[in-house]
Amino acid sequence: MRSIWNGAISFGLVSIPIKLVNATESRSVSFRQIHTEDGGRVRYKKVCELDGEEVPQAEIGKAYEDADGTMIPITEEDLASLPLPTAKTIEIVAFVPAGDIDPLQIDAAYYLSANGVPAAKPYTLLREALKRSEKVAVAKYALRGRERLGMLRVVDDVIAMHGLLWPDEIRAPEGVAPENPVSVRDAELDLADALMATLGEVDMSTLHDDYRTAVEEMIAAKAEGGEGVAPPTAGEEPGGGQVIDLMAALENSVRAAKQARGEQEEGDGKGAAEVTPLKPRAARAPKATDAKKSTSKTAAKKTAAPARKSTAKTATKKTATKSTATKSTATTKKAAAKKTTAKKATAKKATPRKRTA
C-alpha cells in the first residue's frame with residue numbers, strides 16, 4: 001500500500017520512524033454529471049471572477065476571507081514558518097482506557113508501518129506495551145496543513161491510528177431528544193430485550209452494501225442494452241410510518257428475527273429451513289395447576305385441623321361428663337351411707353336399756 005505521510009512516533013525519548021497508510025477505502029459507486037440533452041460530460045472550470053478567464057492549477061493559491069469580504073493571501077511559506085512541532089511527528093501525549101474516547105470523535109483510520117529495519121524494535125515495543133496495558137495512546141499529529149488529534153491502538157499485529165475530532169468540534173445534542181415525556185412499560189422493555197437477544201451477535205465481515213450491489217447490477221444491465229432493474233412494487237414501500245401498536249410490532253419483530261435466525265442456522269442455502277413456531281403464553285399453565293393442587297392441599301390441611309380440634313374438644317367434653325357423672329355417683333353413695341348410719345344411730349337410741357336388778 002502506498003504511504004501518504006512519512007514521519008515518526010514520539011514515545012517519550014523514543015523515536016519510531018513510520019509510514020502512514022490509509023486503512024479504509026470508499027467502495028461507493030461514483031457518477032459523473034452529463035448534459036441530459038446530448039449526454040455530453042459537464043465539467044467544472046475554475047474561473048477568475050475579475051477577468052473571467054480559466055485559471056490553471058499552478059496559478060491557484062490560498063487566501064483567508066475576512067468578515068468584510070477582503071481576501072488575505074496566505075502562501076505555503078507562511079504556513080511552513082509556523083511553529084508546528086507535530087509537522088513530521090506523531091507526538092503521544094497520554095495513555096487512556098479506550099472507553100474514555102467518545103465514538104463521536106472518531107474520524108479517518110490509518111495503519112502505521114515501521115519505516116526500515118531499525119524501527120522494528122521500538123515499533124514492536126510500543127505495540128506490545130499497548131496490548132498489555134489494554135489502553136490506547138492519545139497523540140497529536142499534523143496532516144494536510146493542520147494539526148490533528150489521533151488515537152493509537154493495536155489491530156492484530158499492527159498499530160492503527162484513528163483521526164479524532166477535537167472536543168470543541170463535537171456539537172451538543174440540544175433539541176434532538178423527544179421534547180414530550182414518554183413512559184415505557186416493563187412489558188415493552190421485556191420484549192425489546194427479547195428482540196435484542198434474538199438478533200444476537202453478528203460477524204461483521206458478513207455485512208455488505210446491498211444498495212451498491214443493486215447499483216452495479218443496474219449499470220451492468222444498462223451496459224448490455226437492457227433497461228436496468230424493475231422498480232419496486234407498490235406494496236414494497238420503505239418503513240417509517242407511525243407505529244400504532246408498539247407491543248404488537250415488538251412481538252412480530254421477535255417472531256421474524258427468530259425465523260430469520262432459524263433459516264441462517266439450519267438452512268443449507270437451498271431453501272428456507274423449518275422454523276419452530278413460538279409457544280403461546282399459556283405454556284405456563286402447568287405451573288398454575290400445580291399451584292392449585294398445593295392450594296387445595298393447604299385448604300384440606302386447614303379444614304382438617306379444626307376437625308381435629310373439635311374432636312379433641314368433644315372427647316374432652318365426654319371425659320369431663322364421665323368424670324362429672326362419676327363424681328355425682330360418689331356423692332350420692334356417700335349421702336346414702338350417711339343416711340343409713342343416721343338411721344342406725346336413731347334405732348339404737350330408740351331401743352330401751354334393760355335394768356339389772
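Which residues does G163 touch, not counting residues up to four places away in sequence? They are Q105, I106, D107, A108, Y141, L149 and G150, where contact means heavy atoms within 4.5 Å. Before going further, note that this is a predicted model, in which local features need pLDDT of at least 70 and side-chain atom pairs count only at pLDDT 80 or more, while totals for chains, interfaces and linings use all residues. Residues are numbered from 1 along each chain as its sequence is written, and side-chain values use heavy atoms, with hydrogens and water left out.

G163 lies in strand β9. Helices (H or I, at least four residues) and strands (E, at least two) are DSSP runs, numbered from the N terminus. With a relative accessible area of 5%, G163 is buried; buried means under 20% relative accessible area, exposed over 50%, and partly exposed in between, using a 1.4 Å probe and protein chains only. The C-alpha atoms of G163 and G150 are separated by 4.4 Å, although these residues are 13 apart along the chain.

One of the residues that G163 touches is Q105. Q105 lies in the loop between β5 and β6 (106-114), and with a relative accessible area of 13% this residue is buried too. Leaving out residues up to four places away in sequence, Q105 touches L149, G163, L164, L165, W166, P167 and I170.

The next topic is the chain as a whole. Its secondary structure comes to six helices and nine strands. Of its 357 residues, 15% count as buried. The chain exposes about 29300 Å², of which carbon and sulfur atoms supply 55%; accessible areas come from the Shrake-Rupley method with a 1.4 Å probe, and for residues only the protein chains shown count as cover. Among contacts between residues at least 6 apart in sequence, 58% join residues at least 24 apart.

K19 is found in strand β2 (residues 14-22) and is partly exposed, with a relative accessible area of 33%. Apart from neighbours within four places in sequence, K19 is in contact with S3, W5, N6, Y111, L112, S113 and N115.

K46 is found in the loop between β2 and β3 (62-65). Its C-alpha atom is separated by 8.6 Å from that of Q57, eleven residues away along the chain. Not counting residues up to four places away in sequence, K46 touches E53, E54, V55, Q57 and I60.

The structure also holds one aromatic pair. Rings of Phe, Tyr and Trp (its six-membered ring) pair if their centres lie within 6.5 Å; planes under 30 degrees apart count as stacked, over 60 as edge-to-face and the rest as tilted. The rings of F11 and F95 have centres 5.8 Å apart and planes at 70°, so this pair is edge-to-face. Because F11 lies in strand β1 (residues 3-11) and F95 in strand β5 (residues 89-97), the pair ties together parts that are 84 residues apart in sequence. F11 is partly exposed at a relative accessible area of 23%, and F95 counts as partly exposed at 35%.

Two residues call for a look at the backbone. Most residues other than glycine have a negative phi. E134, however, has a positive phi, near 55°, and D156 has a positive phi near 60°. E134 lies in the loop between α2 (120-133) and β7 and is exposed, with a relative accessible area of 68%. D156 lies in the loop between β8 and β9 (158-164) and counts as exposed at 67% relative accessibility.
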